Protein chains: 2
Amino acid sequence: MEPHEPDLTAVPVTSVLAALADDVRLQIVRALAEGGEAACGSFDFGVSKATRSHHLKVLREAGLTRTRAAGTSRLVRLRRDELDTLYPGLLDAVLTEHPPA
Amino acid sequence: MEPHEPDLTAVPVTSVLAALADDVRLQIVRALAEGGEAACGSFDFGVSKATRSHHLKVLREAGLTRTRAAGTSRLVRLRRDELDTLYPGLLDAVLTEHPPA
DNA sequence: GGCGTTGTTCGATAGTTGTCGAACAAGGGT
DNA sequence: ACCCTTGTTCGACAACTATCGAACAACGCC
């Protein structure tokens, strides 16, 4: 089953924003931005693995991440270059851990 | 009835992103970015006035806009300075009409 | 005062989404 | 071959959200 990683230019902005507009997914994106490539299982943010898989799917289909198989795991990475090119400043604005809550 | 315009630093990033992750609201924000202050009624994007009012409320409560009464109308404006300070690059990245669809 | 304009609020409804457990699939090791 | 680990998929369910029409409120004007 192909990962279905769309061309970023074909993804509506609202989908990109919607993908980032979730706490769990934002944590995943932040972890990826800091640690680079990581296995799906490394994101334990208090949700079941079914939910985690769901969120990774949303991120992938919004064009935010790429996934590749590696043995029994799957490695996920941020499509940072493409994102920074198409939406300069977006990731930077969102990735910094803000003081409020 | 108070407009309930929160301190931007008190609004979770996900709420700001969620507010922008809607086509109608994004059109409103773009119109505001281009035309400055505008009356609620000037945003006719194919939705009823009830729906429009709802979207403006979402934007206001996410800290994206400010509203002030002006006679029988209400004038809305983008909180651009605050947004650019707290999330530099966010608006710029999102406001430019992208080619995709 | 009465009327039209401009918005907001109130249900109601349909669609979307986050969450889970359980079942399933694919690999690697022993 | 067996099993364990790692992920995905499948209902199911609850919560949220976008949308509408209708009712209501506030204001200016004639």
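This is a predicted model: local features need pLDDT of at least 70, side-chain atom pairs count only at pLDDT 80 or more; totals for chains, interfaces and linings use all residues.
I'll start with the interface. Chain A puts 22 residues into the contact, and chain B puts in 21 residues. The size of an interface is often given as the accessible area lost when the parts come together. Here, the area buried between chain A and chain B is about 1600 Å², and carbon and sulfur atoms give 78% of that. What does the rule find across this interface in the way of salt bridges? It finds 0 between chain A and chain B.

On the side of chain A that touches chain B, the elements giving two or more residues are α1 (13-20), α2 (23-35) and α5 (90-95). Helix α1(A) gives the most, with 5 residues. By type, that side of chain A divides into 15 nonpolar residues, 4 polar and 3 charged.

Now the salt bridges. Over all chains, the structure holds 14. One of them pairs the side chains of A:Glu82 and A:Arg66, at 3.2 Å from N to O. A:Glu82 sits in helix α4 and A:Arg66 in strand β2, so the pair ties together parts 16 residues apart in sequence. A:Glu82 is partly exposed at 30% relative accessibility, and A:Arg66 is partly exposed at 25%. A:Glu82 also meets A:Arg79 in a salt bridge, at 2.7 Å from N to O. A:Arg79 is buried, with a relative accessible area of 4%.

In chain B, B:Arg68 forms a salt bridge with B:Glu37, and their closest N and O atoms are 2.6 Å apart. B:Arg68 is in strand β2 and B:Glu37 in the loop between α2 and β1, so this pair ties together parts 31 residues apart in sequence. Back in chain A, salt bridges with shared partners join A:Glu5, A:Arg66, A:Arg79 and A:Glu82 into one network.

Last, B:Ile28, which lies in helix α2 of chain B. Is B:Ile28 buried or exposed? Its relative accessible area is 0%, so B:Ile28 is buried. Leaving out residues up to four places away in sequence, B:Ile28 touches B:Phe43, B:Phe45, B:His55, B:Leu56 and B:Leu59.

Notes
Residues are numbered from 1 along each chain as its sequence is written. Chains are lettered from A and ligands numbered from 1 in the order in which they are written. Side-chain values use heavy atoms; hydrogens and water are left out. Contact means heavy atoms within 4.5 Å. Buried area is the accessible area (1.4 Å probe) that two parts lose on being put together, summed over both. A salt bridge is a side-chain nitrogen of Lys or Arg within 4 Å of a carboxyl oxygen of Asp or Glu. Helices (H or I, at least four residues) and strands (E, at least two) are DSSP runs, numbered from the N terminus. Ala, Val, Leu, Ile, Met, Phe, Trp, Tyr, Cys and Pro count as nonpolar, Asp, Glu, Lys and Arg as charged, and the others, Gly among them, as polar. Buried means under 20% relative accessible area, exposed over 50%, partly exposed in between (1.4 Å probe, protein chains only).
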